[in-house]
Each structure stands twice: as structure tokens, then as C-alpha cells.
Amino acid sequence: SDTEDVVVTINPAPNAGIASNVTVCETAGAVDLAGQVAGEDSGGAWTRIAGAGGTFVAATGMFTPAVGTTTSTFRYTITGTSPCADDTEDVVITIITAPNAGTATDITVCETSGAVDLAGQLTGEDTGGTWTRIAGSNGTFVASTGMFTPDSDATNSTFRYTASATGCTSDTEDVVVTINPAPNAGIASNVTVC
């Protein structure tokens, strides 16, 4: 008999794992992209294939968003040994814009001035925030509308506007309303003299 042997070498197929997408605030700390992939082979390479802003370090697979960062996609690639093809997995980092409570301008009013629109004392704020009174007393404060009407018993008051976004730390801004007492000229009594 005559024989001949054929050796079949099996190369393992590369495995880039299974990705989990994540949503973070633009002011969040660093995101470890490898932590968003499970079951992957080590030694792969990270690339950014979509999005802009923030700081991406391909060598470490770390991404740190910043204000203005857009939703971004990062690809993990495991190079296959021929004839196996490369395997890739994409991680999408959805960026939430950090809330902005704006910039406040304090105001001085007379106790008889009438209603004060607290939102009118803010510039650049996100809408939909909430108002709370954190100092002062009396007068009429309506939190749902952000309106404050002083009266003769009202004291200087501080009102806080809080802007929130899921996944982000809330931002606050305070408006101080200083109450001046209304002038009082008294009550006159007329007199007749020689």
C-alpha cells in the first residue's frame, strides 16, 4: 500500500465580542470602551468611525467626552489569521447635553412693585427647569410659573433655578430679589392758625 498524509491547520476565528451601547453626559468622566464589550479576544485595536469632540485614546480604548461632543461610534477590531477574516464590534456612545441653568442677574424691587418674573432674570438657561425658594419669606411665590409678588412683609429672597437632564448632574443658578420698603410720607393733619 502507498499512503500520503494531508495536514489541515485550523486557525481560530477572531472574536470581537458583543457590544453594549452606553449613554453618558457630555461632562461625564472617561469611558472604558473595553468595558462595553463582553467575550472579546484581547489584543484588538480601537478606532473612532463616527462622531466628534472629546478625547479618544486608541491605544488604551479610553474616551472622555466634553462639552460639545457628539454621539460617537467606536469599532473594536480583532485581526484574523489568514484565511480567517477580521472580526469587528461597534460601541455607540450616546451623548446627553449637560443641563444649563443660565446666568442670573439679581434684582431690587419695591415691596409694592408687583409680580417679578424670575425667568426674566436668567439668560441662556434651558427651559423646563424648576424653581425653589431657598431664602427669604412672605410675599407670594408660585414655583410652577417662577413668579414672585412681594408685599409689605416680604424679606430679601433667593430663588434657585435647577436645570436637569437624565444622566447628568443638575445645574443651578440663584436669583436674589432685594426688597426695598415703599416710602411713607405719613398721614397729614390740616391746621388753621392765625
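Predicted model: local features only at pLDDT ≥ 70, side-chain atom pairs only at ≥ 80, totals over all residues.

Visitor: Where is Val-6 found?

Guide: Val-6 sits in the segment before β1 (18-19).

Visitor: And is Val-6 buried or exposed?

Guide: Exposed. Val-6 has a relative accessible area of 71%, and the cut-off for exposed is over 50%.

Visitor: Switching to covalent links. How many disulfides does the structure hold?

Guide: The structure holds 1 disulfide. Cys-25 is joined to Cys-168, with S to S at 2.0 Å.

Visitor: Where do those two cysteines sit in the chain?

Guide: In distant parts, 143 residues apart. Cys-25 belongs to strand β2 (residues 22-25). Cys-168 is in the loop between β17 (157-163) and β18 (171-180).

Visitor: What's the handedness of the Cys-25 and Cys-168 link?

Guide: Right-handed, with 110° about the S-S bond.

Visitor: Cys-25 first: buried or exposed?

Guide: Buried. The relative accessible area of Cys-25 is 3%. Cys-168 is buried too, at 13%. Both calls follow because buried means under 20%.

Visitor: Now the strands. How many residues of β8 are buried?

Guide: 6 of its 7 residues are buried, so strand β8 (residues 72-78) counts as mostly covered.

Visitor: What does β8 pair with?

Guide: Strand β5 (residues 45-50) pairs with β8 in the antiparallel sense, over 5 bridges. Strand β9 (residues 87-96) also pairs with β8 in the antiparallel sense, over 7 bridges.

Visitor: Which residue in β8 is the bridge partner of Trp-46?

Guide: Tyr-76. On the β9 side, Arg-75 has Asp-90 as its bridge partner.

Visitor: Next, phi. What is the value for Asn-138?

Guide: Near 65°. That is a positive phi in a residue other than glycine. Most residues other than glycine have a negative phi.

Visitor: Where's the place of Asn-138?

Guide: In the loop between β14 (130-135) and β15 (140-142).

Visitor: Why is Asn-138 called partly exposed?

Guide: Because its relative accessible area is 39%.

Terms used. Residues numbered from 1 in each chain as written. Heavy atoms only, no water. Buried < 20%, exposed > 50% of the residue type's maximum accessible area, 1.4 Å probe, protein only. Helix = DSSP H or I, 4+ residues; strand = E, 2+ residues; numbered from the N terminus. Pairing = 2+ DSSP bridges. Disulfide = S-S within 2.5 Å.
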